[in-house]
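Open your viewer and keep the selection tool at hand. The tour goes from stop to stop.

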Amino acid sequence: RTMSVGRGEVEEFYGAWQSAVGALAADLGVDEDDLRPINAAGTSSCLAFGPNFNGANMLLATPRDTAVRLYFHSGGGVPDAEPNPYPNGDGGVGGALEGVDDDGGAALGDGFRDFTVGELSGEGEGAATAAAREAWRLARAALVTAFQLCTGAGAVAREALHGVAFFIERVELAVARDEEDGDGSGGGFRLGLQTGTLIGVAKSALRLAQLSSPCRIVEAFYRCDVQCHADALGKCYAVLSKRRAEIEDEDIIEGTAFFMLRATLPVAESFGLATELLRATSGAATTPQLAFAEWRVLDVDPFWKPRSEEEREDEGEAHVATHNRGGARKNIARGYVDLVRKRKGLPTETLVVVDGSKQRTLARK
């Protein structure tokens with residue numbers, strides 16, 4: 001479920017989360033550090049929920065580990081410095097280069113310096129700290145806006161995301177120093193990017209982060225109730241199983257030869273069900289009664305392709321996602337994704353010409 005929460009409720013939620021992680025570690029007999037993927041969310045600062053600021057997705061930034069790297073330069077391009085891929089293991093962040101000062105003096109030159117979000121939330125003063133604090137404020141606003149856009153329209157099929165957490169590891173920005181006086185004193189700092197550009201870059205980064213993780217789709221399910229005569233019960237089962245329905249209950253109606261079937265059916269497979277069911281059973285089954293039941297995660301990777309020799313022998317070289325009910329389905333999730341993308345006018349990987357040497361031209365007579 002989703003709900004709107006305030007800052008106090010968020011802090012109370014994370015406190016309870018931290019206690020739950022400790023209790024889970026005690027029950028399992030392991031150290032809390034071994035539960036790092038869970039603990040990381042509990043010790044992080046939730047910047048926003050999404051979409052629409054009240055969804056089931058979170059944007060998180062760890063005050064101790066999230067780094068803000070600023071490239072200081074007096075003009076021209078950004079200094080050529082290879083950034084560290086991750087913060088140091090002791091919780092700190094890499095030190096500053098020579099020439100990057102924090103006393104606000106004129107000695108501040110080209111170079112880069114790393115800060116943490118926890119440091120920027122303090123009362124530290126100085127030109128570099130003030131510039132980093134302002135840069136993080138703008139980057140945070142851009143990240144929150146981009147997060148709302150990404151969770152409202154995901155990278156796979158431009159559909160809303162559910163149950164996804166984004167962790168911000170590092171933000172890198174270039175800062176230029178303005179020379180107001182002839183001696184170089186009194187100059188301020190300015191970012192080289194506008195807010196709109198920051199939102200576009202953050203949106204691309206979040207979508208790439210989503211695609212770099214295992215992607216799954218969430219599909220809706222109906223609760224389906226059907227009455228069927230005993231003579232056509234097998235045909236009714238065949239129609240339901242072909243549409244990936246799961247039979248939950250089967251009971252005979254007292255005094256009749258009819259059975260009451262209760263099943264869960266994917267919403268995407270419900271179109272045309274009544275017509276096919278009546279045709280297959282010759283009218284021995286009633287029109288199915290459908291009601292929304294729940295959402296489920298389809299545990300199939302839509303981007304999976306056969307790579308090993310065994311997989312290629314089993315699946316074939318041309319692993320094409322098909323979704324026609326009369327043929328075989330190689331990848332159900334990819335079939336759903338392609339249908340949604342095609343309906344929205346988004347590009348797909350459908351091969352128009354599979355093999356140019358096998359095309360034929362009909363002679364006109």
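Select phenylalanine 147 and phenylalanine 166: both are buried (under 20% relative accessible area, with a 1.4 Å probe and protein chains only; exposed is over 50%, partly exposed in between). This is a predicted model, where local features need pLDDT of at least 70, side-chain atom pairs count only at pLDDT 80 or more, and totals for chains, interfaces and linings use all residues. Residues are numbered from 1 along each chain as its sequence is written, and side-chain values use heavy atoms, leaving out hydrogens and water.

The structure holds 2 aromatic pairs (rings of Phe, Tyr and Trp, the last by its six-membered ring, with centres within 6.5 Å; planes under 30 degrees apart are stacked, over 60 edge-to-face, the rest tilted). Phenylalanine 147 and phenylalanine 166 form one that is edge-to-face, 5.9 Å centre to centre with 85° between the planes. The pair links distant parts of the chain, 19 residues apart: phenylalanine 147 lies in helix H4 (residues 127-152) and phenylalanine 166 in strand S5 (residues 165-168). Helices (H or I, at least four residues) and strands (E, at least two) are DSSP runs, numbered from the N terminus.

Next, pick threonine 66, in the loop between strand S2 (57-61) and strand S3 (67-73). Threonine 66 is buried because its relative accessible area is 1%.

Now show arginine 296. Its charged end sits over the ring of phenylalanine 221, 4.3 Å from the centre (CZ of Arg or NZ of Lys within 6 Å of the ring centre and within 35 degrees of the ring normal).

Last, select valine 297 in strand S11. Valine 297 is exposed, with a relative accessible area of 56%.
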